[in-house]
Amino acid sequence: MSTAMLFDRYGSSDDLYLADVSVPSPGPGQVVVRYTAIGVNPIDWNILRGDVQEYVPLDLPGACLGVEAAGVVVDVGPGVRRFRVGDSVIRHGRPGAFRAHEVVPASQEADELTPQPGRFSAEQAAVLPVAAGTAYSALRQVKLRAGERLLVHGASGGVGLATVQLALLLGAAEAIGTASARHHDLLRHLGATPVEYGDGLLERLAGLGPFHASVDCAGGPQPTDVAVRLVDAAPRRVTIVPDPQSQTRGVQYLDHVPLELASTLDLIGHSPFELPIAARFPLSRAAEALELGQQGGTGGKIVLLPE
C-alpha cells in the first residue's frame, strides 16, 4: 500500500485528508515514481480553493495537490526507453504529487519528468521546477543580457531567490532585490543587493539604478509603479502575479518557455545555486505546510517528506 493527501471538494486545508491507496501500476509510456521530497507552493492554495479550476480542472472527489517533487523510478511500463528502475527524477507540471507513489508519463513531449542531476539533494531537486523554472522563463522574457542591472521585487521568496541567482549566472552586473530586512543577509549571501520594502522604496532604488529590466515576484501596486518608473521599456518588465492593473500599466505577465526545467538545469550546470529550505513536514502534515506557506515571508521553500 501507499499513501496520498487528498481532498473531495474545493475549500481549505481542513478539507485535506491522508488516505491509504494502492501502489499504482504503469501503463504503456508510463513509469511509477516513489517520491522522496515534494515541493509546496502558492499555486497549491489556489488549486485547493478552486480559484483556478477553469485552467486546472480536477476530478473530484479524490483530487490531489502538488506540482513538483523528486523521487526514484520504481516501475517502468511498456515502451519506455527514457527511464529505468532506480533513476532519480524530478516531476513537474499538473497537480497530483502530494502522495508517496505516482504514475507519470515518461515521454519528453509530456514534459513531466526530468532526470535529476546528481549534484542536487532530493529536497533541492523537488523545489527547482516552480522557483527556478519560473525565474528562468522570466529572465528570458525580459531578455536579460550580460552586464545589465536587474530589479527583482519579492526577492526573498522562492522565485525571487532563484531569479537573482540565475540573473548572475547569465552575466548580470548586479541583481537588486526588494525584501524585508530579516532576509537581507540571505540575499547578500546569494550575491544580490538587498533593498528594504516600505515608504521611500522608489527613492532608495533610484539611487541604485539605472535598471535595464525588472521581474516582479510579489505583485501589487508598489512593485508595478516602481517597475514602470525605473525600467523604460515595457517589454523588459514582467510579473509572475496575474494582475490586470499591472498589465494595463505596461508590466507583462509571464509566459513559460518550453522545456523550462531542462533549460534551467543546463544554465545552472555545476555553478553554485541554492534554494534554502525553510521548513520540512511529513506528508501527513501537508495542511500545516500549506498554512505556513500561506503566511508568507518564510525566506525559503517548504517541502513534504513522504513517510
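Student: What kind of model is it, and how are the residues numbered?
Tutor: This is a predicted model, in which local features need pLDDT of at least 70, side-chain atom pairs count only at pLDDT 80 or more, and totals for chains, interfaces and linings use all residues. Residues are numbered from 1 along each chain as its sequence is written, while side-chain values use heavy atoms, with hydrogens and water left out.

Student: OK, is the peptide bond from Leu60 to Pro61 cis or trans?
Tutor: The bond from Leu60 to Pro61 is cis, with omega near 0°, and Pro61 sits in the loop between helix 1 (42–49) and strand 4 (63–64). Helices and strands here are DSSP runs numbered from the N terminus, a helix being H or I with at least four residues and a strand being E with at least two.

Student: And what about Gly209 to Pro210?
Tutor: That peptide bond, from Gly209 to Pro210, is cis with omega near 5°, and Pro210 lies in the loop between helix 6 (201–206) and strand 12 (213–216).

Student: Why do such cases deserve a mention?
Tutor: Because most peptide bonds are trans, and most residues other than glycine have a negative phi.

Student: Then what is phi at Asp111?
Tutor: Phi of Asp111 is near 55°, a positive value in a residue other than glycine, and Asp111 belongs to the loop between strand 7 (101–105) and strand 8 (113–115). Asp111 is partly exposed at 26% relative accessible area, where buried means under 20%, exposed means over 50% and partly exposed lies in between, with a 1.4 Å probe and protein chains only.

Student: Where is Leu259?
Tutor: Leu259 is in the loop between strand 14 (252–253) and helix 9 (260–268); its phi is positive, about 50°, although Leu259 is not a glycine, and its relative accessibility of 35% counts as partly exposed.

Student: Switching topic, what does Thr193 touch?
Tutor: Leaving aside neighbours within four places in sequence, Thr193 is in contact (heavy atoms within 4.5 Å) with Glu174, Ala175, Ile176 and Gly177. Thr193 is part of strand 11 (residues 193–196).

Student: Last one: which residues of helix 10 are buried?
Tutor: In helix 10 (residues 286–295), the buried ones include Ala286, Ala289 and Leu290. They lie on the same side of helix 10, because they cover an arc of only 100° around the axis, the arc being that of the directions from the helix axis to the C-beta atoms.
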